[in-house]
Amino acid sequence: NRLSYFLWSSMPDDQLFALADSGRLLNPVVLSRQVDRMIDDEKSEAFINGFCNSWLRLDKLGSMPPDEHKFFEFYRDDLETAMRQETIQFVSHILRENLSISDFLASQYTFLNESLAKHYGIEGVVGNHFRKVTLPLNGQRGGLLGHASILTLTANGVDTTPVVRGVWILESILGTPPSSPPPDVEPLDPDVRGTTTIRERLAKHREVETCRSCHAKIDPFGFPLEFYDPIGGFRPQYYRKVVMWKDDKLSSQKILTAGIDGSATLPSGEQVSVPFELKRALLDHKEQFSRSLAEKLLTYACGREMTLSDNAEIDRISSDIAARGYRFRDLIHSILASDTFQRR
């Protein structure tokens, strides 16, 4: 039951029932074959969709819709659907092809249709169907941090902030979510009069003693992602949009304002300034990402939060996946063979 509801979000089929009744399902070789069969079955799409919602918070996409006038292309080109489809197909591809989980952090490919490719400024993609597209080396896209879905769900539909995107990286990639604000901290932002850019506003915010330590861990991960606007479009500068009607058609004009400073020093000491440098720094922490991903998979598979008693098994899974080349399907196999999944 646990195996089937994990990979199919549904009850076991006759083959699984028969293997369970005979006791053969606990045989490691038989279990491994069944896991591959279930992943290759189209019913595993339920796992991909469910886990993307749980892990990446893809269910939040569209919860704070962009301004319909300033970002009318989001609605005209049905970008929300395209963004979601890109991420789903990307995760599905890595699973089915048993590729390295490093691709989640930085890849030279993604899955696009014409409208999303146009949004990304990528030429040569024609038609509404999705296909695998090779990306430029060291470009603006590639990996989950280049997906407009992630960049949109970590914005509020109006503007962006390094804080929200930084928290997403700590929670979803590194597995080190920041602690909640102390109860004596006012929910309102401190006085930010006299500041202009988001960096200056955050610097003013950090003058509050109780805010400083957490923001020192959060903000550096978000600064390089300021090169993406609230719907994940790349912007070399901040801008504001002026919307107007012309010849009975709604059009907009971008007016450039301040330049973007994405430079930051990560808590581990790396200097970053643009999205690709941030991705490269995260690749240097692949072991930490692997452990975080293993814990999130176990949480999703078991339907409960992991506890201290599970740490040894999570460490074992992390070591196992490292020895096997950090491949995603192999990680699923290791999760399902674990004592935590089978007995707790």
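Asn98 sits in the loop between α6 and α7 (102-105); helices here are DSSP runs of H or I with at least four residues, numbered from the N terminus. Asn98 is not a glycine, yet has a positive phi of about 55 degrees. This is a predicted model, so local features need pLDDT of at least 70 and side-chain atom pairs pLDDT 80 or more, while totals for chains, interfaces and linings use all residues. Residues are numbered from 1 along each chain as its sequence is written, and side-chain values use heavy atoms, with hydrogens and water left out.

| Residue | Relative accessible area | Class |
|---|---|---|
| Asn98 | 17% | buried |
| Asp78 | 42% | partly exposed |
| Tyr5 | 45% | partly exposed |
| Ser338 | 0% | buried |

Now for Ser338, in the loop between α16 (328-336) and α17 (339-343). Its side chain reaches the backbone oxygen of Ile335 at 2.6 Å, and a polar atom of that side chain lies 3.2 Å from the backbone nitrogen of Phe341. Setting aside neighbours within four places in sequence, Ser338 is in contact (heavy atoms within 4.5 Å) with Leu298, Glu313, Arg316 and Ile317.

Back at the other end of the numbering, Tyr5 belongs to helix α1 (residues 2-7).

Notes
Helix = DSSP H or I, 4+ residues; strand = E, 2+ residues; numbered from the N terminus. Buried < 20%, exposed > 50% of the residue type's maximum accessible area, 1.4 Å probe, protein only. Polar contact = N/O pair within 3.5 Å; in protein donor to acceptor, adjacent residues only side chain to side chain.
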